Amino acid sequence: MSQQTIDNLTLDLEELKQLANTAKRSRVQQLLSIDIRKLETDLQHQKELLAAKEKEQLAGGASKPPAPLPGDVKRYRIELKEYAWDQSDKFIKIFVTVNEVQQVPEESVNVEFTANSFNLLVSNLNNKDYIFTVNHLLNEIDPAKSYRKVKSDMVAIYLAKVEPTKWTHMTLTAKRLQDMKDERMSTSTKDSEADPSSGLMKMMQQLYDSGDPDTKRMINKAWHESQNKKGDMPNMPFIP
């Protein structure tokens with residue numbers, strides 16, 4: 001169904017009516033009258049179909065959501081991980097690289113501070129949002145005195161210290177990991193000093209456990225040769 005079909009039917013109908021007006025014989029007039037009624041019925045039907053289609057299109061268009069505005073376009077969110085930091089007596093200074101950050105308006109670079117965390121959000125930079133979050137700071141900060149500065153390709157964040165204490169780590173998590181590492185190193189050193197052969201055995205055992213089959217065979221062979229020469233070395237749980 002289309003407007004062109006309706007136009008063609010209308011022209012056919014007008015021509016048939018003209019022929020009916022000029023017809024002389026009764027039989028011809030009757031035949032033309034039947035065709036005219038058929039065309040009139042067909043024309044009315046086509047008009048109704050076209051009207052229904054247009055109504056459906058209007059209803060469907062009204063139900064569709066409006067086209068998104070430029071500010072409503074979905075943006076990618078990128079979580080930043082890398083940073084550098086330094087400190088003074090009053091501030092912990094954090095430097096986060098964000099390429100072209102100087103191109104966005106100042107109000108698009110925001111940092112939320114709490115007593116033990118902060119969250120950086122750079123909005124709509126080249127159709128992307130950048131976030132950088134640090135939780136569980138090593139010591140408390142003063143949110144009211146903390147602030148940020150936008151530099152070329154960088155955001156500098158200044159965390160105001162509550163007390164002028166030197167921070168050894170940025171977060172409690174980092175400090176705990178370092179403490180665990182130091183504890184393991186200290187325990188290993190003490191064991192080696194108390195029993196040098198024990199330290200050697202542990203080292204060889206670690207090499208054996210992490211080595212490939214050839215490495216394991218070489219270590220196993222060297223150990224047994226050492227046992228045969230000295231005769232007083234303890235047995236190692238190596239498997240050929």
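Guide: Let's get our bearings along the chain before we zoom in. Starting at the N terminus, the elements run α-α-β-β-β-β-β-β-β-β-α-α-α. That gives five helices and eight strands in the protein chain. Keep in mind that this is a predicted model.

The protein chain has 240 residues, and 25% of them count as buried. Its accessible surface comes to about 17400 Å², with 52% of that belonging to carbon and sulfur atoms. If you take the contacts with a separation of 6 or more, 57% are between residues 24 or more positions apart.

Let's begin with the open sheet of four strands in the order β2-β3-β8-β7, where the pairing is antiparallel. At its edges stand β2 (84–87) and β7 (147–151); each has a single partner strand, so one side of each has no neighbour in the sheet. On average, neighbouring strands here are turned by 20 degrees against each other, direction ignored.

Look at β8 within that order. Six of its seven residues are buried, so β8 is largely enclosed by the rest of the structure. Seven bridges tie β8 (residues 154–160) to β3 (residues 91–97), and the two run antiparallel. You can trace this pairing residue by residue: Phe 91 has Ala 160 in β8 as its bridge partner, and Ile 94 stands opposite Ile 157 in β8.

β8 also pairs with β7, through five bridges and again antiparallel. Here Tyr 147 has Tyr 158 in β8 as its bridge partner, while Arg 148 stands opposite Ile 157 in β8. Now follow the chain from β7 into β8: the two make a hairpin with two residues between them. In that turn, Asp 153 has a positive phi of about 60 degrees.

There's another open sheet to visit, with four strands in the order β1-β6-β5-β4 and mixed pairing. Its edge strands are β1 (76–79) and β4 (109–113), each of which pairs on one side only. The twist from one strand to the next averages 20 degrees.

In this sheet, have a look at β6. Five of its seven residues are buried, leaving the strand mostly covered. On one hand, β6 (residues 128–134) is joined to β5 (residues 118–122) by five bridges, and these strands run antiparallel.

To spot it, find Tyr 76, which stands opposite Lys 128 in β6.

Helix α1 covers residues 3–22, which is 20 residues; at 1.5 Å a residue it should span 28 Å, and its end C-alpha atoms are 29 Å apart, which agrees. Its buried residues are Ile 6, Leu 9, Leu 13 and Leu 16. These cover an arc of only 90 degrees around the axis, which puts them on the same side of α1. Turn to the face pointing away from that buried side and you'll find the exposed residues Gln 4, Leu 11, Gln 18, Asn 21 and Thr 22.

One more stop: Leu 50, which lies in helix α2 (residues 26–63). Its relative accessibility is 14%, so Leu 50 counts as buried, the cut-off being under 20%. Leu 50 and Ile 6 are 44 residues apart along the chain, and their C-alpha atoms are separated by 9.1 Å. Ile 6, remember, is one of the buried residues of α1.

Definitions and conventions. Residues numbered from 1 in each chain as written. Predicted model: local features only at pLDDT ≥ 70, side-chain atom pairs only at ≥ 80, totals over all residues. Heavy atoms only, no water. Buried < 20%, exposed > 50% of the residue type's maximum accessible area, 1.4 Å probe, protein only. Contact = heavy atoms within 4.5 Å. Areas by Shrake-Rupley, 256 points an atom, 1.4 Å probe, with all protein chains shown as cover. Pairing = 2+ DSSP bridges. Axes fitted to C-alpha atoms, helices over the stretch in contact; angles between N-to-C directions. Expected span 1.5 Å × (residues − 1). Arc of directions from axis to C-beta.
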